Amino acid sequence: MSSPAPAAAVLDTSADDFVLPFAVEGLDVRGRIVRLGPAIDAILARHAYPDAVSTLLAEATTLAVLLGSALKIEGRFILQAQTDGPVGLLVVDYEMPDRIRACATYDAERVAAFAADQAPVGALLGIGNLAMTIDPGRQASRYQGVVPLDGGSLEEAAHLYFRQSEQIPTAVRLAAAHAYRSDEGQDRAFHWRAGGIIVQHLPPAGMSRIADLPPGDAPEGAEIPDFEEDDEWNEARLILETVEDHELIDPSISAGNLLYRLYHERGVRVFDPTDLIERCRCSQDRITEMLKGFSDEEQAEMTRDGEIVVTCEFCSKSYTVDPAALKPE
């Protein structure tokens, strides 16, 4: 990573598909901005999800990149939500440093009822768990953090994760929308866009002061004392709360301009952005190796007209495998 530059120096940052790290020295804050355009549009258009499901999956993809891009390792960051809600499963697979793929499963009737009620998007998830897995590959063991979902937003789940697991003061904002696009030659007038920003308080002297979660064994009605956060973190968090959804997804508002508006008085500086691409990990060899893990009986049940057909849940590409290729040589 190169030396940081003032935010004003990157006002021409590309409008789509990147993650941009930044630092606010005056507030001891580090953060990242993610902008997704064609990459998230390709993922969502391929599956033709209902708008509410697409919005939720776009936010989940943005969150996965915000969190995974902080890791200084090769490997994958996997965000997975499994719940009893209308959207039963969300999976985002972010292969560092730049490849993303995502998919969702949902109950169409329950999603339609949700849309009719105009409930908050977070209600699509219902009750369940949000798991965040770091998979460094063969070089080390997996690490997984899990937080409960109770019908709240993904932002709230991310805040709970950092308070419980990392104990780092963290604030996250996410946004996604089906936005009008007037480019000539486009086959669709509306395209999906998503964006997000994360800030974390990382003072050089060590841990900053953060409030504990309410004790679970406190008597009913017990008074929980107020807690004063560090002034620097309180300022950084309050400033972030002024971010509006359109500022995170509007291609006419550059990441540099947004950061300058938020934190220029405190000396915001940016690092090199990383471009993001929509790219699936599936292949003929991977599918064949996966099928070899099934028993002979299971392989026989999958076989139709002398072949096994597998469709990737992420990219919808189909692969045909000869059962004979699964037998030991």
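Figure 1. T62 belongs to helix 2; helices (H or I, at least four residues) and strands (E, at least two) are DSSP runs numbered from the N terminus. With a relative accessibility of 0%, T62 is buried, where buried means under 20% relative accessible area, exposed over 50% and partly exposed in between (1.4 Å probe, protein chains only). Beyond neighbours within four places in sequence, T62 contacts V34, L36, L174, A194, G195 and G196, contact being heavy atoms within 4.5 Å. The model is predicted: local features need pLDDT of at least 70, side-chain atom pairs count only at pLDDT 80 or more, and totals for chains, interfaces and linings use all residues. Residues are numbered from 1 along each chain as its sequence is written, and side-chain values use heavy atoms, with hydrogens and water left out.

**Figure 2. The nonpolar cores.** A nonpolar core is a set of buried Ala, Val, Leu, Ile, Met, Phe, Trp, Tyr and Cys residues joined through side-chain atoms within 4.5 Å. The largest such core has 66 residues, of which F77, L79, L90 and L130 touch the most other members. Helix 2 (residues 51–68) contributes the largest share of this core, 11 residues. A second, separate core comprises 25 residues, among them A171, V199, L258 and L259.

**Figure 3. Surroundings of L130.** Residues up to four places away in sequence aside, L130 touches L79, Q80, A81, G145, V146, V147, L149, L154 and A157.

**Figure 4. Aromatic pairs.** Two aromatic pairs are counted; rings of Phe, Tyr and Trp (its six-membered ring) pair if their centres lie within 6.5 Å, with planes under 30 degrees apart counted as stacked, over 60 as edge-to-face and the rest as tilted. Y49 and Y106 pair edge-to-face, at 6.0 Å centre to centre and 75° between the planes. This pair links distant parts of the chain, 57 residues apart: Y49 lies in the loop between helix 1 (38–47) and helix 2, and Y106 in strand 6 (residues 99–106). Y49 is buried at 9% relative accessible area, whereas Y106 is partly exposed at 32% relative accessibility. The ring centres of Y161 and F162 are 5.2 Å apart with planes at 75°, so this pair is edge-to-face. Both Y161 and F162 are buried.

**Figure 5. R101 and the ring of F314.** R101 lies over the face of F314, 3.9 Å from the ring centre; a charge sits over a ring if NZ of Lys or CZ of Arg is within 6 Å of the ring centre and within 35 degrees of the ring normal.
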